[in-house]
Amino acid sequence: DENVMEMALVENIQREDLNAIEIALAYEHLLSNSGMTQEKVSERVGKSRTAITNYLRLLKLPAQVQMALQKKEIDMGHARALLSIDSPSLQIKVFKEIQKNGYSVRKVEEIAKQLNSGEDVTVGKKVIASKTQLPEEFNTLKERLSSFFSTKVQMTCSPKGKGKISIPFANADELERIMAALDKMND
């Protein structure tokens with residue numbers, strides 16, 4: 001009985017007309033009801049384990065976004081770009097901008113990247129505030145680093161204190177200048 005259901009699910013997944021959420025739900029069903037691993041499911045349906053993982057991640061999106069994906073109002077590329085944003089409320093804000101402005105996947109990836117690096121994003125007349133408001137001492141440090149390297153240093157910090165510092169450069173000369181500044185620190 002289980003085998004018949006498993007085969008039916010696998011067959012269903014391989015149909016052409018399923019949307020991404022239906023496929024994700026079918027994978028989730030296979031994993032939870034058959035006790036198969038993602039690796040086993042990937043062998044069964046002829047998709048890579050990464051593809052299975054990507055589909056399953058879609059189920060972590062806010063319901064509003066999942067519904068739009070189901071109705072094919074946005075595509076899987078948009079959804080994956082939204083997944084790279086940690087905050088569900090920010091995901092919804094960016095999703096609404098996709099709906100309103102018809103943004104390409106590449107544009108959404110750019111917005112996500114900016115938000116994740118702690119920058120606020122201006123879309124039309126609206127500003128989407130980045131989730132990470134740095135504590136004042138971190139802002140001071142960020143400004144000091146920016147002036148030290150003579151470039152706009154990006155800094156993100158989670159509420160738990162985990163973070164990242166990014167030093168952008170426009171060309172090889174700028175990179176050389178930054179490396180020289182770092183080398184001076186070692187002397």
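Is serine 117 buried or exposed? At 16% relative accessibility, serine 117 counts as buried, where buried means under 20% relative accessible area, exposed over 50% and partly exposed in between, with a 1.4 Å probe and protein chains only. Before going on, a word on the model: it is predicted, so local features need pLDDT of at least 70 and side-chain atom pairs pLDDT 80 or more, while totals for chains, interfaces and linings use all residues. Residues are numbered from 1 along each chain as its sequence is written, and side-chain values use heavy atoms, with hydrogens and water left out.

Back to serine 117, which sits in the loop between α8 and β1 (121–123). Helices (H or I, at least four residues) and strands (E, at least two) are DSSP runs, numbered from the N terminus. Not counting residues up to four places away in sequence, serine 117 touches Gln154, Met155 and Thr156; contact here means heavy atoms within 4.5 Å.

Those partners lead us to β3. Both of its faces are covered: Gln154 and Thr156 on one side, Met155 and Cys157 on the other, are all buried. β3 pairs with β4 in the antiparallel sense over four bridges, and two strands pair if DSSP finds at least two bridges between them. Across that pairing, methionine 155 stands opposite isoleucine 165 in β4.

Now for another spot: serine 117 and glutamate 22 are 32 Å apart in space, C-alpha to C-alpha. The backbone nitrogen of glutamate 22 lies 2.9 Å from a polar atom of the asparagine 19 side chain. Asparagine 19 is in the loop between α1 (2–13) and α2 (20–34), and at 7% relative accessibility it counts as buried. Leaving aside neighbours within four places in sequence, asparagine 19 is in contact with Leu69, Gln70 and Lys72.

Finally, look at serine 42 in helix α3 (residues 38–45). Serine 42 is buried, with a relative accessible area of 6%, and its side chain reaches the backbone oxygen of glutamate 39 at 2.8 Å.

Notes
Polar contact = N/O pair within 3.5 Å; in protein donor to acceptor, adjacent residues only side chain to side chain.
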